[in-house]
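The structure is shown first, and the notes follow by topic.

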Amino acid sequence: MHLHIVTSGQTLYSIARQYGIHPGLIARQNGLREPYRLAVGQCLLILQPRAVYTVRTGDTLYAIAQRFGTDVKTLWRNNPNLSGGSTLYPGQTLVLSQESVRTQSASVLGYAYPNAQETVLRGILPYASALCPFTYGIAEDGGLLPPLDGELTALALEYGVPALLHLSTLTEGGGFSSLRAQAALEDAALRARLIGETVAQMRRGGYGGVDVDFEFLGAGLADAFADFLGELRTAVHAAGGVLVCALAPKTSADQPGVLYEGHDYRRLGENADAVLLMTYEWGYTYGPPMAVAPIGAVRRVVEYALTEIPAEKILLGVPNYAYDWTLPYAPGESRAQSLGNEAAVDLAVQVGAEIRFDETAQTPYFSYTDRAGAVHEVWFEDARSCAAKYDLAQEYALRGFGFWNFMRPFTAAFALLNARFSILPGI
């Protein structure tokens, strides 16, 4: 296994010769599309196949899996170009097994809006332990505001992946309201109704559990939120489900700020089966250009969390998105544009930018000038930055990972995850 950094003059074919691997396999593992143009500084994941098979007329994915003592999900994971599908053609090369360095297992959680592109989700779901369709909100009377997520739930189950009911503070207006959360948490009748409707919908919708994401609560609601989570967990367990709670990225118990003060790590960790550390958004839409998830900041959150919550309950947040800032940055005025990590590399290729790597943040970035003469700075994730996060999770034997989100292709991240961890079924 190698993380190859492209240098000037290299092509996919010259790199393939260097490692003695077919160029098509490198393209598959990294989500590359023809004509396979590369950017200087681009990171390529190189995974050597151990056994391959050439498809014959009449072969099916299931029959090939049976013949070689494997399963369809393994074939999907080893062959990202299948995009979770079953279409084969004679002469096609399938990787039956490939090099791996698995010493730990991991649960892999991810989120998706109901309008997520089906082909993207099909390519990612083989690597998932659970999917959270986004999101159920809270009505004024304590009832639920449902998304149109039936298709997502059915799609996840098609891959043997349980869906979790995602509960947030979304309102009828489409925004998020801490006041709506306050009403539901502090009024016993509203709280009881919210818990009852959540569990009833979990059963009706075929969900495997509930994922709670209440943000910007403030210190005054910390105890009420922890109590609510404990009551909800009892009801969810009685219905045969699991309870996950998303946590703001704190580095100390007394960290100031409305985002952090409402999350008591110790009590929420006790009252949930698993927690997701939302270790991203240091670089964000309205902030200055910087890494979305610099590894030093991520590490500080993990190390604090471990003083309050057992490692086997912790999912490490991983951002599956990038930001493109137009310079100069103007506080209160600038707004970065969000894009996918693979799209960021495509942009670097298109504009002829050299990709650089911030060793401190363990994150790639590049700059370019657009046609109007404006200078841009792009920070994104690649296999190197993911490897740093995977290393951290492995160092502390964390439960696994939570990706925000599953709506953009990030082939190398999931291929590397598959090579590094045995992916668990369910959270």
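Predicted model: local features only at pLDDT ≥ 70, side-chain atom pairs only at ≥ 80, totals over all residues.

Helices H12 and H14 cross in a right-handed sense.

**Helix pair H12 and H14**

- On the H12 side, the contact is formed by Ile-295, Val-298, Arg-299 and Val-302, and on the H14 side by Ala-388, Lys-389, Leu-392 and Glu-395.
- By residue class, this contact between H12 and H14 comprises 5 nonpolar and 3 charged residues, with no polar ones.
- H12 spans residues 295-305 and H14 spans residues 383-395; their axes lie 11 Å apart and the packing angle is about 20°.
- Angles under 35 degrees count as roughly parallel, so H12 and H14 are roughly parallel to each other.

**Aromatic pairs**

- In total, the structure contains 23 aromatic pairs.
- One of them joins Phe-214 and Phe-225, whose rings are stacked, with 5.4 Å from centre to centre and 20° between the planes.
- Phe-214 sits in the loop between strand E10 (209-213) and helix H9 (222-238), while Phe-225 belongs to helix H9, so the pair ties together parts that are 11 residues apart in sequence.
- Both Phe-214 and Phe-225 are buried.

**Aromatic cluster**

- Tyr-111, Tyr-113, Phe-134, Phe-176 and Trp-404 form a cluster, linked by ring pairs.

How values were computed. Residues numbered from 1 in each chain as written. Heavy atoms only, no water. Phe/Tyr/Trp six-rings, centres within 6.5 Å; stacked < 30°, edge-to-face > 60°. Helix = DSSP H or I, 4+ residues; strand = E, 2+ residues; numbered from the N terminus. Buried < 20%, exposed > 50% of the residue type's maximum accessible area, 1.4 Å probe, protein only. Axes fitted to C-alpha atoms, helices over the stretch in contact; angles between N-to-C directions. Parallel < 35°, antiparallel > 145°, perpendicular 65-115°, else oblique. Left-handed = near helix turned anticlockwise from the far one by under 90°. Contact = heavy atoms within 4.5 Å. Nonpolar A, V, L, I, M, F, W, Y, C, P; charged D, E, K, R; others polar.
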